[in-house]
Amino acid sequence: MRAHKASMQMQKQLLKASQWTWQEVLLWALVFATPWIFPGHALIVNEVAIVALFALSLDLVLGYAGVVSLGHAAFLGFGAYTAALFAKHIMPDPFAGLLVGMSASTLLGAVFSLTILRGTDLTRLMVTLGLALILLELANKLDWLTGGSDGLQGVLMGPVLGRFEFDLMGQTAASYSLAVLFILFIAVRHWVHSPLGATVKAIRDNRLRASAIGINVNAKIALVYTVAAALAGAAGALMAQTTGFASLDIFALDRSADVMLMLVIGGVGWLYGGLLGAVGFKLMHDVISSITPQYWTFWIGLFLVVLVLVGRDKLLKPWKWWA
Amino acid sequence: MMSPNTSTKTVTTSATVTCVLETRNLLKKFGGITATDHVNLKLQQGARHALIGPNGAGKTTLINLMTGVLPATAGQIFLQGQEISHIAPHLRVRQGLVRTFQINQLFDTLTPLETLAMVISQQKGLGARVWQALGAQADVVNRAEELLELFHLQAVHDQVTAQMPYGKRRLLEMAIALACEPRVLLLDEPVAGVPAGEREELLRTVSNLPKDVSILLIEHDMDLVFDFADTITVLVNGAVLTEGTPREIANDPQVKAVYLGHGEELQHV
């Protein structure tokens with residue numbers, strides 16, 4: 001009887017991690033209100049929601065599975081171009097295009113996952129970077145399809161759910177992107193708290209032991225990578241749909257590097273790390289570049305050095321400096 | 001879900017019925033060095049079998065070969081009559097061949113409770129589930145709680161593994177292996193670093209496991225080995241020197257020579 005009671009207690013403790021807290025609910029309520037609270041900034045909200053989804057995707061790979069990548073923009077770009085082409089040539093419905101963009105990136109992720117199973121972190125950085133560069137050059141060369149260096153223009157989207165037209169203020173776009181971010185966030189949240197999520201964390205912590213308890217390490221890593229590719233593809237599709245445009249720079253190294261910076265700012269292996277990092281990064285970008293447009297990278301560089309050397313915890317809690 | 005049996009050849013002979021784990025002429029060479037030298041070892045059903053030998057005798061290498069961490073240069077390995085020489089390490093685990101490590105191999109960011117719940121979920125085939133939270137199944141949590149109690153880990157069950165004291169980490173190392181529900185358990189110096197008074201109890205806990213768990217123990221402390229084992233195999237320079245009951249081994253002049261430091265002479269015999 002006593003043992004039974006103890007295990008009930010333990011079950012509660014285990015399940016606590018997967019339960020929603022009121023802070024989380026409040027946070028999301030605020031997030032959804034932003035396009036209406038700041039109607040003039042709806043376009044920025046849209047942009048942040050999209051990079052937050054992109055950062056969430058990289059966090060699955062980097063933070064949860066422990067796999068480094070310098071070419072995550074490959075999936076972002078592939079989803080974007082696929083969704084843009086789909087809207088232009090087949091059907092302008094946003095959700096259909098989103099699903100097509102996600103599916104395309106999922107397939108690409110499944111294929112590319114084979115390249116990250118072997119080797120060290122350094123080889124993975126190089127391989128992922130290389131694959132993104134290959135896609136960049138393909139998008140450049142296949143200009144009959146992609147528009148080449150001019151980008152893919154003239155993407156006209158239909159209304160969301162057949163009712164909500166995209167407006168110039170970007171309120172529809174922001175709400176659409178936030179809704180997609182939220183739905184995918186819930187899915188990922190569910191996922192990381194499942195037994196599967198726990199096995200992925202176990203692989204990150206100790207591959208040798210993970211294999212020694214019967215986990216098929218390579219299969220799980222390939223699976224995480226593929227799921228993350230799907231999320232990045234969704235972010236790319238949203239980007240193309242809400243801007244009506246897909247251009248080559250979506251595959252660029254800057255994209256892959258920026259999203260990694262966002263994760264470093266917000267914290268890896270934490271669901272809200274990518275989200276907060278995206279918000280922080282975008283805010284800093286906007287504030288600093290409005291003060292000093294040319295030298296904003298200097299300040300973000302300085303911030304990163306201080307952040308990494310001092311540590312996030314100490315930086316955010318100055319009252320602990322002398323404790 | 002992959003069936004573990006599809007990838008193995010079934011080679012059952014009458015001689016291997018009660019023998020749960022067997023190596024035949026197992027050979028491992030690292031360049032010019034022979035780490036495992038044609039080892040023939042049989043682990044009987046329900047055995048409490050110890051593997052002893054001086055440092056560098058190749059005990060851990062032998063375990064690495066059995067579990068598939070290292071590929072063998074030549075020779076065969078059989079688990080319950082089936083050849084497993086060429087199947088992947090994680091599939092050997094799913095067939096019941098489980099090990100612990102001489103140096104702790106733990107999941108540092110998880111708590112012992114999360115670790116065990118994860119391992120048990122994996123063992124029950126729930127490792128691929130996404131629609132349930134970890135711990136949603138009562139039988140998983142109950143088993144985790146049993147293991148936490150068996151290894152005196154209740155007090156630290158909610159502490160992050162990286163921050164646990166060494167002794168508790170050592171116990172978790174063993175609890176993880178048992179959570180895999182092994183048929184054959186390979187223990188690589190499980191009590192190394194455990195305080196002297198607690199070693200006996202820990203080994204007794206292991207020894208008292210049901211007899212359908214067969215155990216191969218690597219251990220340096222001779223007193224512990226003689227208490228624990230019903231059979232002892234002595235490994236020297238990668239080869240089996242001799243095998244017998246604890247009494248036979250204790251009185252074997254060759255073994256005495258090895259352990260009294262005259263190993264150099266023996267090597268050239």
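This is a predicted model: local features need pLDDT of at least 70, side-chain atom pairs count only at pLDDT 80 or more; totals for chains, interfaces and linings use all residues.

## The open sheet

Let's start with a general point: strands of a sheet pair through backbone hydrogen bonds, and they can do so in a parallel or an antiparallel way.

In chain B, four strands make an open sheet, lined up in the order 2-1-4-5 with antiparallel pairing. Strand 2 (33-44) and strand 5 (82-83) of chain B sit at the edges with a single partner strand each, so one side of each has no neighbour in the sheet.

Zoom in on strand 1 of chain B, which covers residues 19-30. Eight bridges tie strand 1 to strand 2 of chain B, in the antiparallel sense.

Now hop over to strand 9 of chain B, residues 231-236. Five of its six residues are buried, so strand 9 is largely enclosed by the rest of the structure.

Strand 9 pairs with strand 3 (residues 48-52) of chain B over four bridges, and here the sense is parallel. Strand 9 also pairs with strand 10 (residues 239-244) of chain B, this time antiparallel and through five bridges. I232(B) turns up in both pairings: I232(B) is the bridge partner of A50(B), and G244(B) in strand 10 is the bridge partner of I232(B).

## The hairpin turn

How many residues lie between strand 9 and strand 10 of chain B in their hairpin? There are two, and N237(B) in the turn has a positive phi of about 50°.

Terms used. Residues are numbered from 1 along each chain as its sequence is written. Chains are lettered from A and ligands numbered from 1 in the order in which they are written. Two strands pair if DSSP finds at least two bridges between them. A residue is buried if 20 or more other C-beta atoms lie within 10 Å of its own, exposed if 12 or fewer, and partly exposed in between; C-beta atoms are placed from the backbone.
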